[in-house]
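Here is a quick walk through a protein chain for someone meeting it for the first time. Have a look at the sequence and the 3D view, then read on.

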Amino acid sequence: MENGLRPRKQRDEDTLVVLVDRLLDKGIVINADIVVSVAGVELLGVKIRAALASFETAARYGLEFPSGTNIETAAWKEAIIEKENCPQCEKRIPKEELLTEGCPWCGWIPARAKKQKETIASLP
């Protein structure tokens, strides 16, 4: 059996970080209807909707925020910018920047940006 195919134990910290990252990236919504009734008569009814997500994920899916939430902050404006993972380093970068300029973290440059730079360099 090759060494790369053997099962490895992940560190607990890695697993927790991955879980939290995935939860915030994908989000989770919990809906619950709780009804208390006696002899067929409904005495109490509670509807609960809870969401756990990053602001970016919540903005992408259009989740409503509590009244009084200030959506004019710089963090909120940053959250609604569409982002994508760099194919090389996996960092989240604004999609437009990644496709036109490349990744500021690892230096990855998309084919479109390479062609554009070559075209500009070949001009007299």
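Let's begin at the largest pocket, where α1 (12-26) and α2 (55-61) each supply at least two residues of the lining. Of the elements involved, α1 gives the most, with four residues. Sorted by class, that is one nonpolar, three polar and six charged residues. Here Ala, Val, Leu, Ile, Met, Phe, Trp, Tyr, Cys and Pro count as nonpolar, Asp, Glu, Lys and Arg as charged, and the others, Gly among them, as polar. The volume of the largest pocket is about 250 Å³.

What is a pocket in this report? On a 1 Å grid over the protein atoms alone, it is an open set of points where a 1.4 Å probe fits, with protein on both sides within 12 Å along at least five of seven lines, and lining residues have an atom within 4 Å of a point. Grid points are joined across faces, edges and corners, and the volume is the space filled by probe spheres set on the points.

A word on where all this comes from: the model is predicted, local features need pLDDT of at least 70, side-chain atom pairs count only at pLDDT 80 or more, and totals for chains, interfaces and linings use all residues. Residues are numbered from 1 along each chain as its sequence is written, and side-chain values use heavy atoms, with hydrogens and water left out.

Now for the overall layout. The chain has five helices and four strands, and reading along the sequence gives the pattern α-β-β-α-α-β-β-α-α. Helices (H or I, at least four residues) and strands (E, at least two) are DSSP runs, numbered from the N terminus. Of the 124 residues in the chain, 10% are buried. Buried means under 20% relative accessible area, exposed means over 50%, and partly exposed is in between (1.4 Å probe, protein chains only).

Next, the charged pairs. Side chains of opposite charge can pair when their charged atoms come close. The rule for a salt bridge is a side-chain nitrogen of Lys or Arg within 4 Å of a carboxyl oxygen of Asp or Glu. How many salt bridges does a search of the whole structure find? The search turns up three, and here they are:

| Salt bridge | N to O distance |
|---|---|
| K77 and E72 | 3.9 Å |
| K95 and E82 | 3.7 Å |
| K95 and E84 | 4.0 Å |

In the K77 and E72 pair, K77 counts as partly exposed because its relative accessibility is 44%, while E72 is exposed at 55%.

E82, E84 and K95 are linked in a network of salt bridges. Take the bridge between K95 and E82. K95 lies in helix α4 (residues 95-100) and E82 in the loop between α3 (74-79) and β3 (83-85), so the pair ties together parts that are 13 residues apart in sequence. Then there is the bridge between K95 and E84. With E84 in strand β3 and K95 in helix α4, this pair ties together parts eleven residues apart in sequence. As for accessibility, K95 is partly exposed at 29% and E84 is partly exposed at 31%, whereas E82 is exposed at 54%.

Finally, a few spots in the loops deserve a look. A39 is in the loop between β1 (28-38) and β2 (41-52). The phi of A39 is near 55°, a positive value in a residue other than glycine, and A39 counts as exposed at 80% relative accessibility. Although E90 is not a glycine, it has a positive phi of about 70°. P87 is also in the loop between β3 and β4, and P87 is exposed, with a relative accessible area of 51%. P87 and P110 are 23 residues apart in sequence, and their C-alpha atoms are 9.6 Å apart in space.
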